[in-house]
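Hi,

Here is the structure I promised to pass on.

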Amino acid sequence: MEPAIALETRGLTKRFGGLVAVDGVSFSLRSGRVNAIIGPNGAGKTTLFNLVTGELRPDDGEVLAAGVPITGLPPHRIVREGVSRTLQIKSVFGGLTVADNVRAAVMAHQGIRSAFRPAASYRAVGERVDALIDEVGLARHRDRKASALSYGDVALLELALALAAEPKLLLLDEPVCGMGPEETERAVARIRAVASKVDVVIIEHDMEVVFSLASHIVVMASGAILAEGTPDEISRDPRVQEAYLGAPEDDE
Ligand SMILES: Nc1ncnc2c1ncn2[C@@H]1O[C@H](COP(=O)(O)OP(=O)(O)OP(=O)(O)O)[C@@H](O)[C@H]1O
């Protein structure tokens, strides 16, 4: 049987004026493993995520999530198709507690807006909120305001908010960016736990994190795929080493 595919792109292309930020990218990322997209600054990684989540429309090409075409759909429809990403820090409400932030995300996902709801639905929301808070390891901060959390805990809260949408596929853009070693270790452990239930694709510059989480790596450079393979294959690939270290400047 063919392995299930979490995310596939076919000839995906995005131009900004004369710049081709994503240039005919085709890949097929299998379900059931953490996939990573790496590459030097400006390689087109975040643009690629924005094309997958509908924040940007491609100029050409296709995106399929779990085999379902999602190309050009608006972001809320893509979330409904089971694709979620960690949100920007500004989407966390600093004045609300951890639990209230998560509750808002759960209610938004479930479409519960009316104040007139049966008690059972309140209970179900409350249980879901607690389960999400447990899942990301923030139980002891449940009733703290988000503005009082450490940087690493805000990132975990963002993870809970993304999981509130019950995604099949979760995209994490630099999940440990700005974290110290201890926070990084905690975040990696949580991501690994989440990845046992949900397909995860990460963009990450920290190679230690990439190598400890991902079993498949796509390397992008200048908008295109430079190499693809296991961490072992990628770490040995001279083209990858050159892309990171830069070409020698003796050809002018
Ligand atoms: N909205 C935009 N308008 C114009 N150019 C853009 C826009 N967004 C990205 N770019 C350009 O597209 C290229 C790819 O950018 P992108 O942010 O996708 O790279 P990246 O691989 O995510 O880089 P980094 O690792 O630094 O986050 C860059 O040259 C960037 O300047």
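How many residues of domain 1 are in contact with residues of domain 2? Ten residues on the domain 1 side meet ten on the domain 2 side. Before you go further, please keep in mind that this is a predicted model.

As for the layout, domain 1 is made of 1-82 + 168-252, while domain 2 covers 88-166. Taken over C-alpha atoms, their centres are 27 Å apart. On the side of domain 1 that touches domain 2, helix H6 (residues 181-195) gives the most, with five residues. That side has six nonpolar residues, three charged ones and one polar one.

Next, helix H5 (residues 151-163). With 13 residues at 1.5 Å a residue, H5 should span 18 Å, and its end C-alpha atoms are 19 Å apart, which agrees. Ten of those 13 residues are buried, so H5 is largely enclosed by the rest of the structure. Among the buried ones are Leu 156, Leu 157, Leu 159, Leu 161 and Leu 163, and also Asp 153 and Glu 158.

Then there is the ligand. The residues around it are Phe 16, Leu 19, Ala 21, Gly 39, Asn 41, Gly 42, Ala 43, Gly 44, Lys 45, Thr 46 and Thr 47. Strand E2 (19-30) and helix H1 (45-53) are the elements that give two or more residues to this shell. H1 has the largest share, three residues. By class, the shell around the ligand holds six polar residues, four nonpolar and one charged.

Cheers

How values were computed: Residues are numbered from 1 along each chain as its sequence is written. This is a predicted model: local features need pLDDT of at least 70, side-chain atom pairs count only at pLDDT 80 or more; totals for chains, interfaces and linings use all residues. Domain bounds come from an automatic or database domain assignment. Two residues are in contact if their C-beta atoms, placed from the backbone, lie within 7 Å. Helices (H or I, at least four residues) and strands (E, at least two) are DSSP runs, numbered from the N terminus. Ala, Val, Leu, Ile, Met, Phe, Trp, Tyr, Cys and Pro count as nonpolar, Asp, Glu, Lys and Arg as charged, and the others, Gly among them, as polar. The expected span of a helix is 1.5 Å times one less than its number of residues. A residue is buried if 20 or more other C-beta atoms lie within 10 Å of its own, exposed if 12 or fewer, and partly exposed in between; C-beta atoms are placed from the backbone. A residue is near a molecule or strand if its C-beta atom, placed from the backbone, lies within 6 Å of it.
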